[in-house]
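I opened the model to look up one hairpin and then the contact between the chains. My notes follow.

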2 protein chains.
Amino acid sequence: MKYTKLFGKPSKNKFRDLESINAELLIQGGFIHQEMAGVYTWLPLGLKVLKKVENIIREELNKLEAQEILMPALQSKEKWLISGRWDNVDVLFKLPSQTDKEYALGATHEEIVTPLIAEYVKSYKDLPVAVYQIQTKFRDELRAKSGILRGREFGMNDLYSFHRNQEDFDAYYKKVQEAYFKIFARLNLDVKMVEASGGDFTKKYSHEFHVLTSAGEDDILACENCSFAQNIEIASLKDGDKCPKCGSVLRIAKGVEVANIFDLNTKFTDAFKVKYTDQDGSLKVPLMGCYGIGTTRLVGAIVESSHDEKGIIWPREVSPYDIHLISLASRDEKINNDILQKTDNLYQELIARGYSVFWDDRNKISAGEKLKVADLLGFSTRILLSEKTLVKNKVELIKRNEINAKMFDISQIIDNL
Amino acid sequence: MKYTKLFGKPSKNKFRDLESINAELLIQGGFIHQEMAGVYTWLPLGLKVLKKVENIIREELNKLEAQEILMPALQSKEKWLISGRWDNVDVLFKLPSQTDKEYALGATHEEIVTPLIAEYVKSYKDLPVAVYQIQTKFRDELRAKSGILRGREFGMNDLYSFHRNQEDFDAYYKKVQEAYFKIFARLNLDVKMVEASGGDFTKKYSHEFHVLTSAGEDDILACENCSFAQNIEIASLKDGDKCPKCGSVLRIAKGVEVANIFDLNTKFTDAFKVKYTDQDGSLKVPLMGCYGIGTTRLVGAIVESSHDEKGIIWPREVSPYDIHLISLASRDEKINNDILQKTDNLYQELIARGYSVFWDDRNKISAGEKLKVADLLGFSTRILLSEKTLVKNKVELIKRNEINAKMFDISQIIDNL
């Protein structure tokens, strides 16, 4: 992709009137566009990040033998009445229609997935089973805030698992925790898992996953040294106490909840009368767990925890483009043409080798301006060609998350990526 | 994927009470699950088809330098008032909220994309530009019918292009037509393009793309011989007339509209005051086109036009799995174990070579039952291993769309795919 062709170019104006860093940087960079409070369009650059995040989640969940499905946003009121949540979830959008039927607009999918399981799971041989989706959710928030951290329409990955017994459930619950930490590691996110009290579910236990950042809405009591953390709502300890795990000091910090997992036991499988025939011929109710990661929220959390005063620093695996190519102009037209020609050659060769490449191909734009845009956009790796580098037949390689540039022969740059 | 692990197994029961062949076969096969009238869950097998259809569209549109974005379903009432369509589109869902704000639930996206373009297109240098999305649409249909051909919630690919002048627009409009025919060819669909009168748009012209099938809702006057076709609503000719193009006979046939394209001229760019500075410094309003393909509807149209009395016949490019492996049981336990072992080896090798493979690994199931399921599911290529084939060290290769099986040495089957 060439800069001059990109739809959704970065803006020179800072959006400092916004209430959150993720919104400021993502909007200025041309990653997202705000349509209304809590509602965004994903522009080409932002959508690339979002899809990479989604695919990382897919890869890790597929390893758990979870199968991807796609459930609808339009949901039957009757099913929400059966679960008892039609009148209890205050953020549930209720949609009238010309057929006089009223729909719920999916804020979550227990009401859909549980009766679905009831139709396909009949025998103990069909268990355990886990299905997931990556889908758009709607929540009628009184106040949408914090950029893409809390929207009225947002992307989510929700996974649901069903089991014959507690032991099988517990093992899977543990596996999902591990998969989540693999996902967070690939996103370069430092995440704390905390025990939590939990919303409108009756359950044995639940866990939240928090990225510690000042943009967070939750108070987390976290050890300064080890992985110990508790949500302040249920914490038995307080700021300044000793960590029960390592003896270090506990401090209250702000956390963005990027995921949560619940042991639902038979709350929904009872309500929707899910029964399977066990090996001994008896009818039993499966145990259920649900596991959710906010996909759009993760993008926001990455920006909150990985930026500097110049712009975003995308982790390599979710950088919209692998390479940001920069050709600096020369006042000498012949030299300038040579720079453009060599950059174009490198551009084509990188693409032929399978890299995704973004080339700032603007002519007669200052080095300062091009570098400023590159810092704002924050793609993980940058290659710069200029009169100064090419006179030595070299190019400059800069990682967004490192300070020093390295010089390589232009013929050897690809092998050094 | 092994049959025994699949979530959403095919059913032995035919669903003959449904009103359409696509719903009957897709539901019986475990591709989709009906949640309510016009609302479906996409099960693992169906979602694979849908994603392949989406990716074919992506590939062909990316060649037109269209850029993918993702716009929201929640849309501002104010924008629909500006376009004058808030009270004029009878299928528009209107969503109340606890903040007293009322939303439109996206039935189409002209009201979102046009002001978006206004923010990013300022100069003639920013034109032409084309953006597209693959996204979920909502329509408050009085009667949802024909399976996934007309739903209340459905997948769509919508492309919008903006141009400096009619010549540039016309050239792009033509390019999109060609891209659409490439997409249909990859889906093995025989599609007629017809001139059409057009819905609620004021426009110079529009075209519809119809798959001719008895499940269609539209009457199309089509030449028996050549590509000439007209929508009966605007046709100047009638059934039995001579084709003006080739002299053959015109016949009325039923068509499923899988796509449509519109010359919107300045209808929306005027309404949303989109203006760019032209080369001569004057302010001008860009011309706009919109182009839509129903992604979920395409899946239904493929089933309508590509099935036989036994089940679906997926075109190779959208077959959920490349290979359907069938191991037939033997009553001799030793031979049976040998069959399972050899099938497992082939399964692993095919996957290692990059094929997606579905193995009907059920034990003690009759050949008749396994073949019946394979016919119903309709994956494009089938490999069968049995006592009879393995005694000769061979396997049977069957294409779903061909009559005769071919025998190959088990060691050479992969090279013959």
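I checked strand 2 of chain B (residues 39–42) and found both of its faces covered. Val39(B) and Thr41(B) are buried on one side, Tyr40(B) and Trp42(B) on the other. I count a residue as buried if 20 or more other C-beta atoms, placed from the backbone, lie within 10 Å of its own. Strands here are DSSP runs (E, at least two residues), as helices are (H or I, at least four), numbered from the N terminus.

I then looked at the neighbour: strand 1 of chain B (residues 32–36) runs antiparallel to strand 2 of chain B, joined by four bridges. Pairing requires at least two DSSP bridges. Gln34(B) has Tyr40(B) as its bridge partner. Two residues lie between the strands of this hairpin, where Gly38(B) takes a positive phi near 80 degrees.

This is a predicted model, in which local features need pLDDT of at least 70 and side-chain atom pairs 80 or more, while totals for chains, interfaces and linings use all residues. Residues are numbered from 1 along each chain as its sequence is written, and chains are lettered from A and ligands numbered from 1 in the order written. I noted ipTM 0.96 and pTM 0.96.

Next I took the interface: 41 residues of chain B are in contact with 41 of chain A (C-beta atoms, placed from the backbone, within 7 Å). Elements giving two or more residues to the chain B side include strand 1, strand 2 and helix 2 (44–62). The copies meet through the same surface, because 100% of the interface residues of chain B are also interface residues in chain A.

Notes
A residue is buried if 20 or more other C-beta atoms lie within 10 Å of its own, exposed if 12 or fewer, and partly exposed in between; C-beta atoms are placed from the backbone. Two residues are in contact if their C-beta atoms, placed from the backbone, lie within 7 Å.
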